[in-house]
Amino acid sequence: MMSFLTSFVNGLSLGSIYAIIALGYTMVYGIAKMLNFAHGDFIMVGCYIIFIFSSNLGLNPVAAILIAIVLCTLLGITTERVAYRPLRNAASPLAVLITAIGVSYFLENLALLIFGADTKSFTSVVPWAGISLFGGSLQIQGITIVTILVSLLILIFLQLFVHKTREGQAMLAVSQDRGAAMLMGIDVNKTITLTFAIGSALAAVAGALLASAYPSLTPYTGAMPGIKAFVAAVLGGIGSIPGAMIGGLVLGIIEILSRTYISSQLADAIVFGILVVVLIVRPTGILGKNIQEKV
Amino acid sequence: MLLEIKGLSVYYGVIQALKGIDFSVDRGEIVALIGANGAGKTTTLHTISGMIEPKAGEINFEGKDISKVPGHLRVNMGIAQVPEGRRVFADMTVEENLKMGAYTRRDKAELNDTMSMIFDRFPRLKERRNQISGTLSGGEQQMLAMGRALMSKPSILLLDEPSMGLSPIMVNEVFDIIRSVHEDGTTVLLVEQNAKKALNIADRAYVLETGSITTSGNASDLLEDDSIRKAYLGD
């Protein structure tokens, strides 16, 4: 029983990280109508920035995270401006998708060039050891608790932002009909830039939490969590903010439980198997809407 | 002259959709732009509202060439478009849609005044103010799209095929609304395939054929014109 609870809490924590990454995927997809396959690598960039400032230069971890958030935000805005925006009206939507894959390889290889291929050992940004319940039979790490709380705070913040602010309303309008949004006087470019900024800032936060829970850092650290978060976003219903949250949590819990009870080698296969099943049974995901148009 | 178009050319790739057209709309007029499918009517409106960039030509609005002004800034200058097919924000409520129409306006109190004026003009929207817009009927969506455009208090309203897909009764209702919006002082540029309706309501009209203006004149004269009657009025 205790081992199940331990796995469940760990799954919740991993799921929270997937959720934060999936939020970035889903917002960019919903508003800019593109899959930013470099999103996972923004996480890796965030990890290295924190690593440099915190582990190497001895800066306070919170300050290092703030620096990573700022730099990742700038990276996201620049990538959108330089690589994606010129292709936004390209004849084929594949053009921007392939560019995103290109950006992904570019960032990975840039990190390889700067930091080398060897694994860096990341110091957790949460020094708190955690709590011990049931006379020590259930140990929950500090980073686990912090991760779950941070993801909940982010979800609440995003929901309030989207539904209560002018900029959030502009995002909703652009996600539903970009042309009509422009006719309302909404600056579509600015709205998309803001979306990339938020998504990239979230990637930095996810990076801090991910590298603290799994403290080995390589140029490919972000790739697999990025893809799994994409699966989570599709599972929850891509474009939906609560959907990304639910998808992330479900995926994280399934992954950890499969690792514990079935096979750690098979865990990833199970995760991607779920994607296939979901796409067959419910192509719109858990909270996705059926797209129906009134003519 | 409120709106003066000079030598406007628009391309889609290598295809020229507008071949250097000239026309104008005076303050207080209803001007109709009629023509067959693919003549360039919608392209003309999209270029005026800034959804499409012209290759050449001028769009003079209140004496100033706005052809280089980004589209989203033209709303505040007084240009509002009701797009073809309504394009209401389907997942938002009626009231949220109307608020989107006033996106560029900051004054809350004034905004509420405009919203109650819109609700007076469209009582059905008031009844359904909390309904999700995607579930409205076609006619109701058309009214919502018009109400949404009016929320920005435009000096010119660009209407793209407001009668499309509506029942004859609803078409009459929509045209009555256009008339009353016009009587309240809004200039109207109307694009319509229903040429008879359009010419009946308009002061002047231009006929667009494959990207060029071929005929223009007073609407009442065009209604009597033999070639227009044959080509567009089905006589």
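At what angle do the axes of helix 1 and helix 9 of chain A cross?

**View 1. Helix 1 against helix 9 in chain A.** In this predicted model, the axes of helix 1 (residues 2–32) and helix 9 (residues 223–236) of chain A cross at roughly 70° and come within 8 Å. Axes here are lines fitted to C-alpha atoms over the stretch in contact, with angles from 0 to 180 degrees between N-to-C directions; helices are DSSP runs (H or I, at least four residues) numbered from the N terminus. So helix 1 of chain A sits roughly perpendicular to helix 9 of chain A (65 to 115 degrees counts as such). On helix 1 of chain A, the contact (heavy atoms within 4.5 Å) uses A:Tyr18, A:Ile21, A:Ala22, A:Tyr25 and A:Thr26. Helix 9 of chain A brings residues including A:Pro225, A:Lys228 and A:Phe230.

**View 2. Where chain A meets chain B.** Chain A puts in 20 residues and chain B 25 residues. About 2000 Å² is buried, 60% of it from carbon and sulfur atoms (accessible area, 1.4 Å probe, lost on being put together and summed over both parts). A:Arg166, A:Leu183 and A:Met184 supply 36% of the area that chain A buries against chain B, more than any other three residues.

**View 3. The salt bridge between A:Asp177 and B:Arg87.** Their side chains meet at 2.8 Å, N to O; the rule (Lys or Arg side-chain nitrogen within 4 Å of an Asp or Glu carboxyl oxygen) finds 1 salt bridge across this interface.

Residues are numbered from 1 along each chain as its sequence is written, and chains are lettered from A and ligands numbered from 1 in the order written. Local features need pLDDT of at least 70 and side-chain atom pairs 80 or more, while totals for chains, interfaces and linings use all residues; side-chain values use heavy atoms, leaving out hydrogens and water.

Definitions and conventions
Buried area is the accessible area (1.4 Å probe) that two parts lose on being put together, summed over both. Helices (H or I, at least four residues) and strands (E, at least two) are DSSP runs, numbered from the N terminus. Angles under 35 degrees count as roughly parallel, over 145 as roughly antiparallel, 65 to 115 as roughly perpendicular and the rest as oblique.
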